[in-house]
Amino acid sequence: MDIDTSTLFAPIVINGHAVKNRLSVAPMTRVTATQDGRATETMTRYYERFARGGFGTVSTEGIYTDQAFAQGYIHQPGMTDEAQSNSWKPIVSGIKAHGAFAIAQMMHAGAISQGNRFRDGTVGPSAIQPKGKQMTFYHGKDRYVLPAAMTEEQIADAINGFAESAGRAIEIAGFDAVEIHGANGYLLDQFMTDYANIRTDEWGGATENRVRLTLETFKAVRARVGAKVPVGVRISQGKVNDFDHKWAGAERDAEIIFGSLAEAGADFIHVTEYEAWKPAFPSGGPSLMQLAKRYAPKAAVLANGSLHKVEQALAALDDGADIVTIGRGALANPDFPRRLSEHVALRDFDPTILGPIANVKETELAM
Ligand SMILES: Cc1cc2nc3c(=O)[nH]c(=O)nc-3n(C[C@H](O)[C@H](O)[C@H](O)COP(=O)(O)O)c2cc1C
């Protein structure tokens with residue numbers, strides 16, 4: 001491998017915080033917490049390897065944000081009380097020990113929750129059967145249950161859960177930054193999605209209304225953690241239960257979504273597509289990362305989607321991305337950055353790591 005990868009190793013500053021390079025681990029749910037949502041010693045070892053391997057940023061998996069409807073998976077970690085928040089401390093220390101930047105991803109599963117020890121039913125924007133099937137590798141089976149449409153009070157509670165959990169992530173666990181999970185079919189994305197949200201109040205209808213919950217969540221998190229903590233939002237079109245979804249408003253929707261996040265003061269926007277460099281819409285034209293940069297020029301753009309292909313990762317930096325985030329490539333190569341800088345071949349991703357259940361395996365920790 002003799003391509004020049006130096007641009008991937010240039011530092012960047014996000015809201016006053018120095019990040020040592022452009023390579024980040026993407027958030028990945030691994031259902032390895034205790035049954036009551038505390039992070040485990042296995043998780044500490046799992047996350048530490050990415051930082052030791054040279055990633056400038058390590059993002060956690062989606063962490064549930066309240067003790068009502070947020071939890072999505074059995075053995076998913078939470079940030080909803082003192083014990084859960086304290087359990088993240090060794091993970092954050094392990095990440096920071098190697099000079100990496102630690103991001104906590106805050107997630108509310110909404111209508112596609114498939115395992116919640118606090119509630120039996122699920123909630124979402126509208127009482128509409130979610131597409132797709134539960135994920136077996138996260139202990140799911142069959143279809144998702146029919147959610148109840150959220151009341152105003154439940155919406156306020158969900159926003160508050162994000163804000164309080166973000167506060168605990170920063171103040172107790174010691175994370176450097178928080179990412180609000182607004183993507184991939186979870187609660188905030190359900191509100192954004194035309195067919196999942198048929199509300200006729202201020203939370204539904206036009207794109208400006210459908211993005212409101214993401215914006216209000218962002219504002220509440222910002223108010224809770226303060227101006228100096230980097231806060232970002234992850235955005236996608238595709239979903240875990242509907243891979244090929246596209247925004248009906250195409251670039252105009254991108255303008256509304258990214259533009260309003262920029263106006264609200266998002267420090268970073270994390271966009272994900274199956275292949276990050278492809279045109280965002282069937283008609284061709286710019287990719288989602290290009291659109292994020294176009295409409296949120298001051299936010300750092302984190303781009304995700306098959307960017308373990310190094311040529312594509314380098315091209316992404318020319319195409320509007322400030323940081324590339326790597327999922328499967330990082331599972332296969334927890335030392336991905338080190339391999340690049342030392343010209344060691346990358347390993348291919350082996351999907352059997354994630355089966356039959358997607359929990360962290362001892363064989364990975366030995367890599
Ligand atoms: C096992 C697994 C778990 C994931 N869990 C999350 C998650 O908790 N939050 C999230 O935003 N994305 C999650 N993703 C999506 C990844 O962040 C990423 O978007 C996806 O793997 C595509 O990037 P890649 O091509 O680099 O693998 C997960 C992906 C995998 C493979």
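**Helix, barrel and ligand**

Mentor: Start with what covers the buried residues of α9: β9 (231–236), α8 (250–264), β10 (268–272), β11 (300–304) and α10 (310–318) are included. Contact means heavy atoms within 4.5 Å. Helices (H or I, at least four residues) and strands (E, at least two) are DSSP runs, numbered from the N terminus. The model is predicted: local features need pLDDT of at least 70, side-chain atom pairs 80 or more, while totals for chains, interfaces and linings use all residues. Residues count from 1 along each chain as its sequence is written, and side-chain values use heavy atoms, without hydrogens or water.

Trainee: Which residues of α9 are buried?

Mentor: L288, M289, L291, A292 and Y295. Buried is under 20% relative accessible area (1.4 Å probe, protein chains only). Seen down the axis of α9, they fall within an arc of 160°, so they line one face of the helix. The arc takes directions from the helix axis to the C-beta atoms.

Trainee: Switching to strands. What order do they take in the barrel?

Mentor: β3-β4-β5-β8-β9-β10-β11-β12, 8 strands with parallel pairing. Pairing needs at least two DSSP bridges.

Trainee: And how many bridges join β11 to β12?

Mentor: There are 3. One partner pair is A303 with V324 in β12.

Trainee: Now the ligand. Which residues are closest?

Mentor: P27, T29, N304, S306 and R328, among 18 surrounding residues; that takes a heavy atom within 4 Å.

Trainee: How far is the polar side-chain atom of T29 from a ligand oxygen atom?

Mentor: 2.5 Å. For N304 the distance is 2.6 Å, and for T272 it is 3.4 Å.

Terms used:
Buried means under 20% relative accessible area, exposed over 50%, partly exposed in between (1.4 Å probe, protein chains only). A polar contact is a pair of N or O atoms within 3.5 Å; within protein, one must be able to donate a hydrogen and the other to accept it, and residues adjacent in sequence count only if both atoms are side-chain atoms.
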